[in-house]
Amino acid sequence: MKQTALNRMHHEMGGKMVEFAGFEMPVQFEGINIEHETVRNALGVFDVSHMGEFWVEGPKAFELVQRITSNDVASLYDGKVQYSCFPNGEGGIVDDLLVYRFNAEKYLLVVNAANIDKDWNWVVKHNIHNAQISNASDSTSQLAIQGPKALEAMQSLTTTPITNMKYYTFKIVEFAGVKDVLLSTTGYTGSGGCEIYFKNEDAEKIYQAVLQAGADFGIKPIGLAARDTLRLEMGFCLYGNDINDSTSPIEAGLGWITKFTDGNDFIDRPFLEKQKAEGTSRQLKAFEMIDKGIPRQHYEVFNENDEVIGEVTSGTMSPMLKKGIGMAYINKPFTNLGTQIFIKVRDKKLAAEIVKLPFYKG
Amino acid sequence: MNIPAGLKYTKDHEWIRVEGNEAFVGITDFAQKELGDIVFIEVDTVDEELDAEETFGTIEAVKTVSDLFMPVSGTVLEFNESLEDAPETVNKDPYGKGWIVKIKLSDPAQLDRLLDTDAYKALVEA
């Protein structure tokens, strides 16, 4: 099993360690609910060094990134971040990712840990014009510092102003005495904050500085379990659950990152454009339980005539709303807001209702 | 690890406290720590007579679902309804206010098959 550069510190801090995407990662420290609330109300720090980082550089960099991602790379400017996905050439998704534009000839792609090898092979395969590409995943560490107080607390570690940064932008800063730290106002929690990237050898120093700078604001280390409940309360997709090689970005509700603009000739564009125009037979929808119960991945969804109309892709008890929430692929015509559906929880069919995202509005 | 004397335990990390012909059943401190924050407990077997190791309910943590098993054969007399609104009581007080069901024993001799405090301690500390 792989370890991140902070493995020793997680053990020291009492993290409950599990295997995730080939890495030994902390799933929980103090408890999932307290960790979740800490991020919603103050700030928490996550080790997300398992994520993958690919650099794409040179005169052909733009062309490659534009070709393999669904969003419009031409709309980026220096210092801007974009959420996107790699269409797989068969109507599905290879992975979802972030694209960072340093300049017109330099991009950083941040991908999911579980897909690093698959994604790298995909990028290499499509690099027909020989952009300079490198896989920095093994040497790069990443922390997510998330919560309403995160930027204010982290400001003490850098002289570059960060509290006024716009959402989904980044700067290269000196952070906790370490030069060339990438700091972006991104995250997977919906509670604001930043993510920072740096070399493995600086990981312990930076992690300790973050804990210290956040101490007065109530910072806590947060595990992967709370990362999942936080993202699900916002309705953010998780690759492997809500999206995969056989779900299209259109049916997953990711039309907003699938841009049919002039010059954006990405893989699967004709297919997805047709799908967007004609509609899909199923859609990824958010639902809240009406009856008491907790939806889980793979539970079946029924209509009131007892016909199967879908399957749950993610589900949990929402720590903020204190009720069961989930996402499911649901067949038309049962996808409208307010439609009553039934989730089969063990041997019972429990009532639920299709709702708008996000579940938690802060 | 809190493993009180005077209770009997199962390999599934449940405890049983016998009072005459009746008994209280819950999950151990070890089990609640392993599960993490408990968010839902469902028991719809009240008044049913169940065999030892049959499922009498389910317990859900944020991330997981687990079945609850009868430590011995018996009739489920009562579900601790305070857990419907406050399932976290099982985390806070697993051997006290966090009891889950009260049962009537069908065959008290079955209690001898369960683990005593030392045997359970050996199991979880192995």
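Two residues are in contact when heavy atoms of one lie within 4.5 Å of heavy atoms of the other. By that rule, Thr28(B) touches Tyr9(B), His13(B), Glu14(B), Trp15(B), Pro94(B), Tyr95(B) and Tyr120(B), leaving aside residues up to four places away in sequence. The structure is a predicted model.

**Salt bridges**

- Over all chains, a search of the whole structure finds 27 salt bridges.
- Side chains of opposite charge can pair when their charged atoms come close.
- One of the bridges joins Lys2(A) to Asp138(A), with 3.3 Å between the closest N and O atoms.
- Lys2(A) sits in the segment before α1 (7-12) of chain A and Asp138(A) in the loop between β8 (132-135) and β9 (140-146) of chain A, so this bridge ties together parts that are 136 residues apart in sequence.
- Lys2(A) is partly exposed, at a relative accessible area of 42%, while Asp138(A) is exposed, at 60%.
- Another salt bridge is formed by Lys323(A) and Glu288(A), whose closest N and O atoms are 2.8 Å apart.
- This pair also links distant parts of the chain, 35 residues apart: Lys323(A) is in the loop between β16 (308-317) and β17 (324-331) of chain A, and Glu288(A) is in strand β14 (residues 282-289) of chain A.
- Lys323(A) is partly exposed, with 32% relative accessibility, whereas Glu288(A) is buried, with 16%.
- Arg231(A) and Asp228(A) form a salt bridge with an N to O distance of 2.9 Å.
- Both Arg231(A) and Asp228(A) belong to helix α7 (residues 224-234) of chain A, where they are three residues apart, about one turn of the helix.
- Arg231(A) is buried, with a relative accessible area of 1%, and Asp228(A) is buried as well, at 16% relative accessibility.
- A network of salt bridges links Arg296(A), Arg346(A) and Lys348(A) with Glu42(B), Asp44(B) and Glu60(B).

**Helices α2 and α7 of chain A**

- Helix α2 (residues 32-41) of chain A packs with α7(A) at an angle of about 55 degrees, and the two axes are 9 Å apart.
- At that angle, α2(A) is oblique to α7(A).
- The crossing of α2(A) past α7(A) is right-handed.
- On the α2(A) side, the contact is made by Ile32(A), Glu35(A), His36(A), Val39(A) and Arg40(A).
- On the α7(A) side, Ala225(A), Ala226(A), Thr229(A), Leu230(A), Glu233(A) and Met234(A) take part.
- Sorted by class, the contact of α2(A) with α7(A) has six nonpolar, two polar and three charged residues.

**Two threonines in chain B**

- Thr28(B) lies in the loop between β3 (22-27) and α1 (29-35) of chain B.
- Thr28(B) is buried because its relative accessible area is 0%, and buried means under 20%.
- Thr55(B) is placed in strand β6 (residues 55-61) of chain B.
- With a relative accessible area of 34%, Thr55(B) is partly exposed.
- Leaving aside residues up to four places away in sequence, Thr55(B) touches Thr45(B), Leu50(B), Asp67(B), Leu68(B) and Phe69(B).
- Thr55(B) and Ser66(B) are eleven residues apart along the chain, and their C-alpha atoms are separated by 10.0 Å.

Note on methods:
Residues are numbered from 1 along each chain as its sequence is written. Chains are lettered from A and ligands numbered from 1 in the order in which they are written. This is a predicted model: local features need pLDDT of at least 70, side-chain atom pairs count only at pLDDT 80 or more; totals for chains, interfaces and linings use all residues. Side-chain values use heavy atoms; hydrogens and water are left out. A salt bridge is a side-chain nitrogen of Lys or Arg within 4 Å of a carboxyl oxygen of Asp or Glu. Helices (H or I, at least four residues) and strands (E, at least two) are DSSP runs, numbered from the N terminus. Buried means under 20% relative accessible area, exposed over 50%, partly exposed in between (1.4 Å probe, protein chains only). Axes are lines fitted to C-alpha atoms, for helices over the stretch in contact, and angles run from 0 to 180 degrees between N-to-C directions. Angles under 35 degrees count as roughly parallel, over 145 as roughly antiparallel, 65 to 115 as roughly perpendicular and the rest as oblique. A crossing is left-handed if the near helix is turned anticlockwise from the far one by less than a right angle, and right-handed if clockwise. Ala, Val, Leu, Ile, Met, Phe, Trp, Tyr, Cys and Pro count as nonpolar, Asp, Glu, Lys and Arg as charged, and the others, Gly among them, as polar.
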